[in-house]
Amino acid sequence: MKPQNEVLSGIGTTIFTVMSALANQHGAVNLGQGFPDYDGPADVIHAAAAALLDGRNQYPPMSGVPELRQAVAHHNKRFYGIEADPNAEVVVTSGATEAITACLMAVLNPGDECVLIEPLYDTYLPVVRLLGAIPKLVRLSPPEWALPRAELAAAFGPKTKALLLNSPMNPTGKVFTEEELRFIAGLLEQHDCYAICDEVYEHLTFDGAKHIPLMTLPGMRERCMRVGSAGKTFSLTGWKIGYITADRSIAPNVTKAHQNLTFTTAPNLQRGVAVGLMKDDAYFAGLSTHLQAKRDKLGAGLAQLGFDVLPTKGSYFITTDFRPLGFNGDDVAFCRTLTEEAKVTAIPVTAFYASEDAPSHYARFAFCKGDAVIDEALTRMESWLSKRRG
């Protein structure tokens, strides 16, 4: 048989699938995959359920039902002052992963270069390569994950077409500062590039950190494709509803990409999300308060066990250095051992790097879980460590 697609054939099973399967096998508390173990707002769910029964179950408009496109535009204006035409500058997709893919498809040609920032979410790199574009990787370094300006500037050149920016960032929990964003904006203008902005954790920021969409900076409105996620904002990850805000000069190509990926998205779920985006300010403020308490609970417990806990200003995740525990193996071995022996699952952070020289002594834990689940995980790890030290 002739060889199949080289990029896809070269991708192993995603680490999230591997670790979740291992967690199930060993009855582990799964703090690996980033999904809540509690349901989203009842009014949003009820709106989607009612919409399923109102006789509107055929193909919705390709770019999204009017109610959701209008809600996305209102959300942009309400939180960030971004004016967007719901009929020409908003596209609804089947999840943020599809949204990011559609945005990359909209602007990248074979041979174009795309700047990516490590550590990175595991779908970014394969999509860039599938499009025939060339990834240019820039690495942030723990524990502060500061933007390496000289290295970032060096990654841009005559062939650079786009930057993919994730803030708040998975897995680091970094929220890019206005100063860092201004530096990035300067490079985009200098090299006449686009930005795909993965902002799915936009409402999940802590300690007073403020999410600033790159799109709001001077000169960025026409260059940015801003991606949001109902899954993260409403704790409904299984719904797979994403939305893109992009200038009318870019949105038609984004829509064409969406047409060739999924064409459209479940209309009842879209209508439920439209209700969610119109919720009052207290809901959105409460997201951060609620999750910050969970971050603090898990972080304090991990620190007490001996982990070095890195700061996290946003997202669902805490990154830890496990070397103080005296474990001599790499992060893959640690996470496997933790799952098999302690019955707690985390994700090895090397899974978020493309190169082999990545730091191999960090594990990522998700804190978007019920308090009882977090407590149980900490109790199990304490017992495991006591036995190892005993």
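**View 1. Helix H6 in the lining of the largest pocket.** H6 (residues 124–130) gives the largest share of this lining, four residues. The model is predicted: local features need pLDDT of at least 70, side-chain atom pairs count only at pLDDT 80 or more, and totals for chains, interfaces and linings use all residues. Residues are numbered from 1 along each chain as its sequence is written, and side-chain values use heavy atoms, with hydrogens and water left out. Helices are DSSP runs of H or I, at least four residues, numbered from the N terminus.

**View 2. The largest pocket.** Its volume is about 1,100 Å³. A pocket is an open set of points on a 1 Å grid over the protein atoms alone, where a 1.4 Å probe fits, with protein on both sides within 12 Å along at least five of seven lines; lining residues have an atom within 4 Å of a point. Points are joined across faces, edges and corners, and a volume is the space filled by probe spheres set on them. The lining has 41 residues, and Thr14, Phe16, Tyr121, Asp122 and Thr123 are the closest to the centre. H2 (15–26), H5, H6 and H9 (230–233) each supply at least two lining residues. By class, 20 are nonpolar, 15 polar and six charged. Here Ala, Val, Leu, Ile, Met, Phe, Trp, Tyr, Cys and Pro count as nonpolar, Asp, Glu, Lys and Arg as charged, and the others, Gly among them, as polar.

**View 3. The second largest pocket.** This pocket has a volume of about 190 Å³. H12 gives the most to its lining, with four residues. H4 (66–80) also supplies at least two. Lining residues include Phe79, Tyr80, His203, His211, Asp281 and Phe284. The lining divides into five nonpolar, four polar and three charged residues.

**View 4. Tyr283 in helix H12.** H12 spans residues 281–305 and holds Tyr283. Tyr283 is buried, with a relative accessible area of 18%; buried means under 20% (1.4 Å probe, protein chains only). Tyr283 touches Pro41, Thr233 and Phe234, not counting residues up to four places away in sequence. Contact means heavy atoms within 4.5 Å. Pro41 lies 242 residues from Tyr283 in sequence, yet their C-alpha atoms are 9.4 Å apart.

**View 5. The largest nonpolar core.** This core has 124 residues. Such a core is a set of buried Ala, Val, Leu, Ile, Met, Phe, Trp, Tyr and Cys residues joined through side-chain atoms within 4.5 Å. Leu214, Phe334, Phe365 and Met381 have the most contacts inside it. Helix H5 (residues 96–107) gives the most to this core, eight residues. Phe365 touches residues including Leu31, Leu298, Phe307 and Met381.

Conventions: Buried means under 20% relative accessible area, exposed over 50%, partly exposed in between (1.4 Å probe, protein chains only).
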